[in-house]
Amino acid sequence: MKIDKGCEPAAWRKYRLTPGATYQAIPALVGSLLDEQGYVCAYCECRITAARDAHRVEHVKCRKRYPELQLDYQNMVACCSGNMGGLSHCDRSKGDRDISFTPIDTRVADSIFYENSGTIKSRNSLWDDEFNHVLNLNLSIIKSNRRKTLMGVIAELNRRKVLWRKGDIERMIEKWESRHPRSINGQRWSEYYPYRGIVIYYLKKKLHQME
């Protein structure tokens with residue numbers, strides 16, 4: 001799903017403008033990236049948190065090859081640790097390689113579709129190739145997690161023991177497109193459900209079929 005980038009946090013701007021500043025994952029930067037993404041990975045959409053081993057700051061244009069962009073907030077997103085099932089994916093798999101898209105581009109989100117197996121695809125053949133061979137977004141464990149998430153939503157709708165109604169699907173879409181408040185030890189934030197892309201795509205497709 002598309003990431004709606006906001007303005008850089010004031011603390012990051014202050015650090016960025018410090019003479020001689022180089023990239024550091026300061027708390028204000030990490031917190032801002034996590035918040036604007038609703039605590040889901042920019043690429044695979046799994047849950048991520050502020051814990052040190054539960055996220056990575058990804059430079060879409062890598063620091064090694066594009067040092068002039070190392071402090072550019074618009075070039076940064078938050079990703080997962082990238083080793084689900086012991087296999088590399090997302091920015092850990094990407095490394096210093098280029099990709100021809102950015103997750104803040106609406107055209108990329110509009111090009112995405114899913115199979116019920118949990119496979120993510122793009123109608124753009126180049127982006128689709130990068131999903132598979134640079135980011136490894138269709139590893140079996142990631143596909144399985146997407147499918148389990150989708151099947152859970154389908155089961156929830158089926159438990160109503162009536163034919164799916166338009167209003168039920170619309171409310172479910174709203175639920176999955178919305179952030180949800182969470183609080184632990186007095187700390188509060190809002191987050192999206194992980195793997196929401198496949199759910200929203202499936203439900204909107206069902207809704208379209210009703211119209």
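The model is predicted, so local features need pLDDT of at least 70, side-chain atom pairs count only at pLDDT 80 or more, and totals for chains, interfaces and linings use all residues. Residues are numbered from 1 along each chain as its sequence is written, and side-chain values use heavy atoms, with hydrogens and water left out.

Start with the helices. Two packed helices are described by the angle between their axes and the distance between the axes. Helix 7 (residues 166–177) packs against helix 8 (residues 196–210) at about 155 degrees, with the axes 10 Å apart. Helices here are DSSP runs of H or I with at least four residues, strands are E runs of at least two, and both are numbered from the N terminus. Axes are lines fitted to C-alpha atoms, for helices over the stretch in contact, and angles run from 0 to 180 degrees between N-to-C directions. Helix 7 and helix 8 are therefore roughly antiparallel. That word applies over 145 degrees; under 35 is roughly parallel, 65 to 115 roughly perpendicular, and the rest oblique. The crossing of helix 7 and helix 8 is left-handed. In such a crossing the near helix is turned anticlockwise from the far one by less than a right angle; clockwise is right-handed.

Which residues meet? Helix 7 contributes Lys166, Ile169, Glu170, Met172, Ile173, Trp176 and Glu177. Among their partners in helix 8 are Arg196, Val199, Leu203 and Met210. Contact means heavy atoms within 4.5 Å. By class, this contact of helix 7 with helix 8 has nine nonpolar, no polar and six charged residues. Nonpolar covers Ala, Val, Leu, Ile, Met, Phe, Trp, Tyr, Cys and Pro; charged covers Asp, Glu, Lys and Arg; the others, Gly among them, are polar.

Now turn to helix 6 (residues 140–158). Its axis lies 11 Å from that of helix 7, at an angle of about 140 degrees. That makes helix 6 oblique to helix 7. The two cross in a right-handed way. Thr149, Val153, Glu156 and Leu157 of helix 6 meet Asp168, Met172, Lys175 and Trp176 of helix 7.

Helix 6 also packs on helix 8, at about 45 degrees and with axes 8 Å apart. This pair is oblique as well.

The whole structure holds one cavity of 30 Å³ or more. Its lining has 18 residues, with Met1, Ala42, Tyr43, Ile112 and Phe131 nearest the centre. On a 1 Å grid over the protein atoms alone, a cavity is a set of points where a 1.4 Å probe fits but cannot get out; lining residues have an atom within 4 Å of a point. Fourteen lining residues are nonpolar, none polar and four charged.

Key
1 Å grid on protein atoms, 1.4 Å probe; cavity = no way out; pocket = protein on both sides within 12 Å on 5 of 7 lines; lining within 4 Å. Points joined across faces, edges and corners; volume = space filled by probe spheres on them.
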